[in-house]
Amino acid sequence: MDTDESTPLLENSEAKTKTPLPKVQLGLTLFVLFSQPMSSQYIFPFINQVSEKRAKSTLIRELGVTGGDDRKIGYYAGVIESLFFATQALTVLWWSRLSDYVGRKPVILVGLAGLSISNLCFGLSREFWALVGSRCIAGALNGNVGVMKSIIGEITDTTNMAQAFALIPIVFFVGASIAPLFGGGLVKPHDRWPELLSGSFWVQYPYFLPSLISASFTAFSFLVTALFLKESLPSKRHGKELQPERGSQAGAPGDEDASPVPIRTLLKTYSVLIPMANYGILGLIEIGCFALAPLFYATPIEVGGLGLPPFTIGVIMMAFSVGNGLFQALFTARAIERFGERRVFRLAVLGFFPMIATFPIMSWVIGVQKEVGMAIWVLIFAQMLSWAAAEMAYAVIFVFVTRASPNKYSLGTMNGLSQTTTSIARAMGPVTLTSLFAFSKEYNLLGGNLVYVVLLILLSLLVVLSRRLPELKRDQR
């Protein structure tokens, strides 16, 4: 079928035979994307312990930020967890915009190099502000998530796009399962394996080994990208000026121009703003849950948490991530094909309600039992199950964002804008919600549960916004 400027950017999946997924390039893209959770999630099991166990580590003695007050753990853990997304929010749009002109591959290589270097710096940091600086470097040089979503949008069409985007949450959760496992299991190796790693270096830098593992994987991803990943931007792939492969959506800005649409124009377009708003609030809630879960598990029982050690927390998060990856692989694409993107998204976000409500329930149970018993483990399982159902929303919102792009040549900018929105939300989420967690516990606000009430209010806003998403018509050409 010939294409012209009145052809929708994303043709309907029922209008033509389903296109097979480009397995090699899609696989390489997802492999490189794997470096993102490997770099951002490995600190979660031990970052809360960084503040809590300061008297047991040379690094933490030099930090001296909590003054031995366990209730203040959340303040400083949240700052470090948020910095990656805060600095990413300042730069991701411009990296994505740059990729619309110079190509996707050069931007990805810069981001991978920045991640690898920053992870090494994090492991060698012995002062709080050095940790801050390393996380800022990681975020500022990394615009890869938005760029790699653009690649997936360019190597797929509407017949297989949902299937491809459904793989992204799997990658993130498999990465988020492995990262906490080695993040929690490889800290202080001189205590675990004194016969192998007993030198003074490991005593001075007890968190270097997990940082080294993360940096090494990112460096390997750099080599894979440089050698095997093909450029997907049409002008760089074909070595000529941009030519429309598909036209833009009818009535959207950019219909008459096969070039990136101005950012100001995109920000005035209702059909662009609604998916970005949903994505931003979804990211805020999700990263808040990711930050609160290990913090809640690590917080001492007398303060209202579960008092679990880092390795156990890592195992819990690993089990959730593996189970969630299987859940997404088995159900997400099928649910989208059967019920449509809009309905799946609206139902999926409701899964966050029981997930959040489980926190105060566990706090009440542990307050009665004074130990982690069978009831707590059942509640943890129920929490993870509802969380997995809620995560189906991610694959769907990627489709909405991609299909909202006015043309193929604005796809990098569109993903940059949406990634900026969610990066701002993810930057605010950990520091705000973990600090609010600490504040709630310190002053016993609503029985120490104020943070969960705030999360439920945000979730209610997301439910309202989800009703504004358009129905993606499958018979539209």
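**From surface to core**

Tutor: Ala319 counts as partly exposed, because its relative accessibility is 46%. Buried means under 20% relative accessible area, exposed over 50%, and partly exposed in between (1.4 Å probe, protein chains only). The model is predicted: local features need pLDDT of at least 70, side-chain atom pairs count only at pLDDT 80 or more, and totals for chains, interfaces and linings use all residues. Residues are numbered from 1 along each chain as its sequence is written, and side-chain values use heavy atoms, with hydrogens and water left out.

Ala319 sits in helix H17 (residues 310-339). Helices here are DSSP runs (H or I, at least four residues), numbered from the N terminus. The C-alpha atoms of Ala319 and Met384 are 9.1 Å apart, while 65 residues separate the two along the chain.

Phe220 belongs to helix H13 (residues 208-228). Its relative accessibility is 45%, so Phe220 is partly exposed as well.

Now look at helix H21 (residues 392-403). Twelve of its twelve residues are buried. Among them are Ala393, Val396 and Ile397. Phe345 is in contact (heavy atoms within 4.5 Å) with several residues beyond four places in sequence, including Ala393, Val396 and Ile397.

Phe345 is also among the residues with the most contacts inside the largest nonpolar core, which has 122 residues. Such a core is a set of buried Ala, Val, Leu, Ile, Met, Phe, Trp, Tyr and Cys residues joined through side-chain atoms within 4.5 Å. Helix H16 (residues 270-298) gives the most to this core, with 16 residues.

Methods. Helices (H or I, at least four residues) and strands (E, at least two) are DSSP runs, numbered from the N terminus.
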